[in-house]
Amino acid sequence: MLNFLYIFTVILYCLSVLGYFIDFLNNNQKVNRISFWLLSIVWVLQTIFFILRMIEYNRLPIMTSFEGLFFFAWIIVSVSLVINWFFKVDLFVFFTNIFGFAIMTFSVFVPTGDVPPALQELLIFELLFIHVTLVLLSYGAFTFAFIFSIMYYYQHQMLKKKRWSKLLFRFGDLSKSEHLAFMFTILGFPLLLMGIILGIIWAAVALDQIPWADAKVITSVLVLLVYGYYLYKRVVKKIRGYSLVLLNIAGFLLILINYFLSGTLSKFHLWY
């Protein structure tokens, strides 16, 4: 049943993204509304899938690679629905859910089983669950900051090259995109900071050591430093605009390296 539910959710997600793409090209509000409600159904199905898997394995299902990616996609859908409902940020939901759909689709190609038996004893610590949850939530926040940064970058390039079109004006105000990227970065930074701190504490308690030389630990700290530098320039130095947006984009690219590349090299994050 879970397999059928998952595939059906992916199909509806695909149709929703397709609808948003049609709206992106033709500014079709009727298709936009249909896509929104399809996305709402996707969120409901994702939530049901999450609950059923939690019941099946009798734990919070965020510990395997598949579960982490699925939960990440659920965060993206949840926040994009809220933003679309309350703020009506044009085009944002389209760009966001292209990324969310890619994440959810990619999860099909990673192992879907339970946590390996050798790790069962280690995973009983609630501290680890909180650590993983906070890190995934921070990734979600940084994803939205990245999307707003990309929107700013694209609109900036169009204005610079004087490419006037209806699409240009649908992006909204430049300062609004930059401000929302900043707000999501503010949200993501403390979540990641707390997640890393709890991860270090958990490692010290559960493993009697802190693997500072681990690839994922190193890149996680680098991500924190990049976003910390971004906030320093934005808040302390009062810098705004294009250069800061590029820094935000660079920070997210480092997150992708952290999540996918360092995960393959890590000897510490064996399950994730």
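Together with Leu192, Phe92 has the most contacts inside the largest nonpolar core, a set of 71 residues. Keep in mind that this is a predicted model. The protein chain has nine helices and zero strands, and buried residues make up 51% of its 272 residues.

**Overall build**

- Reading from the N terminus, the elements of the protein chain go α-α-α-α-α-α-α-α-α.
- Among contacts in the protein chain with a separation of 6 or more, 79% are between residues 24 or more positions apart.

**The nonpolar core**

- As for the 71-residue core, Phe92 and Leu192 are the residues with the most contacts inside it.
- Two or more residues of this core come from each of α1, α2, α3, α4, α5, α7 (174-206), α8 (215-236) and α9 (242-265).
- Helix α5 hands over the largest share of this core, 14 residues.

**Serine 149 on helix α5**

- Helix α5 spans residues 126-160, and serine 149 sits in it.
- Is serine 149 buried or exposed? Serine 149 counts as buried, because its relative accessibility is 1% and the cut-off for buried is under 20%.
- If you skip residues up to four places away in sequence, serine 149 touches Ala181, Val245, Asn248 and Ile249.

**Aromatic pairs**

- Searching the whole structure turns up 27 aromatic pairs.
- One of them joins tyrosine 139 and tyrosine 259 in an edge-to-face arrangement, 5.8 Å centre to centre with 65 degrees between the planes.
- Tyrosine 139 belongs to helix α5 and tyrosine 259 to helix α9, so this pair ties together parts that are 120 residues apart in sequence.
- Both partners are buried: tyrosine 139 has a relative accessible area of 4%, and tyrosine 259 has one of 12%.
- Phenylalanine 142 and tyrosine 227 form another aromatic pair, this one stacked, at 3.8 Å centre to centre and 10 degrees between the planes.
- Here too two helices are linked: phenylalanine 142 is in α5 and tyrosine 227 in α8, so the pair ties together parts that are 85 residues apart in sequence.
- Phenylalanine 142 is buried, with a relative accessible area of 0%, and tyrosine 227 is buried as well, at 1%.
- Tyr139 and Tyr259 turn up again in one aromatic cluster, along with Phe72, Phe99, Phe146 and Phe252.

**The largest pocket**

- How much space lies in the largest pocket? It comes to about 250 Å³.
- The largest pocket is lined by 17 residues, and Gln29, Asn32, Arg33, Asn84 and Lys88 are the closest to its centre.
- Four helices each supply at least two residues of the lining of the largest pocket: α1 (2-26), α2 (29-57), α3 (65-86) and α4 (92-106).
- Which helix gives the most to the lining of the largest pocket? That would be α2, with five residues.
- Sorted by class, the lining of the largest pocket holds ten nonpolar, three polar and four charged residues.

Methods: Residues numbered from 1 in each chain as written. Predicted model: local features only at pLDDT ≥ 70, side-chain atom pairs only at ≥ 80, totals over all residues. Heavy atoms only, no water. 1 Å grid on protein atoms, 1.4 Å probe; cavity = no way out; pocket = protein on both sides within 12 Å on 5 of 7 lines; lining within 4 Å. Points joined across faces, edges and corners; volume = space filled by probe spheres on them. Nonpolar A, V, L, I, M, F, W, Y, C, P; charged D, E, K, R; others polar. Buried < 20%, exposed > 50% of the residue type's maximum accessible area, 1.4 Å probe, protein only. Contact = heavy atoms within 4.5 Å. Core = buried A, V, L, I, M, F, W, Y, C linked by side-chain atoms within 4.5 Å. Phe/Tyr/Trp six-rings, centres within 6.5 Å; stacked < 30°, edge-to-face > 60°.
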